[in-house]
Amino acid sequence: MAIYTKKGDRGETGLFNGKRLLKDSLLIEAIGAIDEANSAWGVVGSHTENGRTKELINKIQSDLFTIGSILAGAKLSFPFSKTKYLEKEIDKLEDALPVLANFILPGGSKPACFFHLARSTTRRAERRLVALLNPSAVPSTLLPFINRLSDFAFCLARKENFDSKVKEWIIEKKFY
């Protein structure tokens, strides 16, 4: 079976229900942003040495794939318990890190840099979901998960730098 179908050659793509949309529609933009975030998480997964983190990333990628499928009309559910799980993981990471009282620049070790990239692409996906916000387009459990996922990426970046003894670049300037 060929990877190409030629059905998208005129700028349209199909959903699970058979409906076709222009590739620049808000819904397809949101699905694409989720796909970009999934790819960024895949990159970071290939650059971290922590086995547990790799397992978590694999679960996250599966969750992002499910979210993209839901947005495309698949009859799947996404439980709020997944967001609660991320919150517990974030709390564990924050307990293990120095308290942060300033903004930091994204960077540091290679894995931390990729976690920051995953964070920012996940934030873009969140913005695309917000653009769709209406009860029929976005199940209520998706946006909190994506919001928490970017926070999780931030904490993982900090943890990678902390474990690698790489200094975080703090912004000293006061913005108020």
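Me: What share of the residues in the protein chain is buried?
Reply: This is a predicted model. In the protein chain, 39% of the 176 residues are buried.

Me: Which elements does the chain have, and in what order do they run?
Reply: There are five helices and two strands. Starting at the N terminus, the order is β-β-α-α-α-α-α.

Me: What does the C-alpha trace span along its principal axes?
Reply: The C-alpha trace spans about 50 × 35 × 30 Å.

Me: Turning to the largest nonpolar core, which residues touch the most other members?
Reply: That core has 41 residues, and those touching the most other members are W41, L64, I67, L71 and F152. At least two residues of the core come from each of α1, α2 (51–71), α3 (81–96), α4 and α5 (142–163).

Me: What is W41 in contact with, leaving aside neighbours within four places in sequence?
Reply: Its contacts include I57, I60, Q61 and L64. Also among them are F115, A118 and T122, as well as L149, F152, A153 and L156.

Me: Now the helices: how do α1 and α4 cross?
Reply: The axes of α1 (residues 26–45) and α4 (residues 110–132) come within 8 Å and cross at roughly 165 degrees. Angles over 145 degrees count as roughly antiparallel, and α1 and α4 are therefore roughly antiparallel to each other. The crossing of α1 past α4 is left-handed.

Me: And which kinds of residues make up that contact?
Reply: The contact of α1 with α4 comprises 19 nonpolar, two polar and four charged residues.

Note on methods
Residues are numbered from 1 along each chain as its sequence is written. This is a predicted model: local features need pLDDT of at least 70, side-chain atom pairs count only at pLDDT 80 or more; totals for chains, interfaces and linings use all residues. Side-chain values use heavy atoms; hydrogens and water are left out. Axes are lines fitted to C-alpha atoms, for helices over the stretch in contact, and angles run from 0 to 180 degrees between N-to-C directions. Helices (H or I, at least four residues) and strands (E, at least two) are DSSP runs, numbered from the N terminus. Angles under 35 degrees count as roughly parallel, over 145 as roughly antiparallel, 65 to 115 as roughly perpendicular and the rest as oblique. A crossing is left-handed if the near helix is turned anticlockwise from the far one by less than a right angle, and right-handed if clockwise. Ala, Val, Leu, Ile, Met, Phe, Trp, Tyr, Cys and Pro count as nonpolar, Asp, Glu, Lys and Arg as charged, and the others, Gly among them, as polar. A nonpolar core is a set of buried Ala, Val, Leu, Ile, Met, Phe, Trp, Tyr and Cys residues joined through side-chain atoms within 4.5 Å. Buried means under 20% relative accessible area, exposed over 50%, partly exposed in between (1.4 Å probe, protein chains only). Contact means heavy atoms within 4.5 Å.
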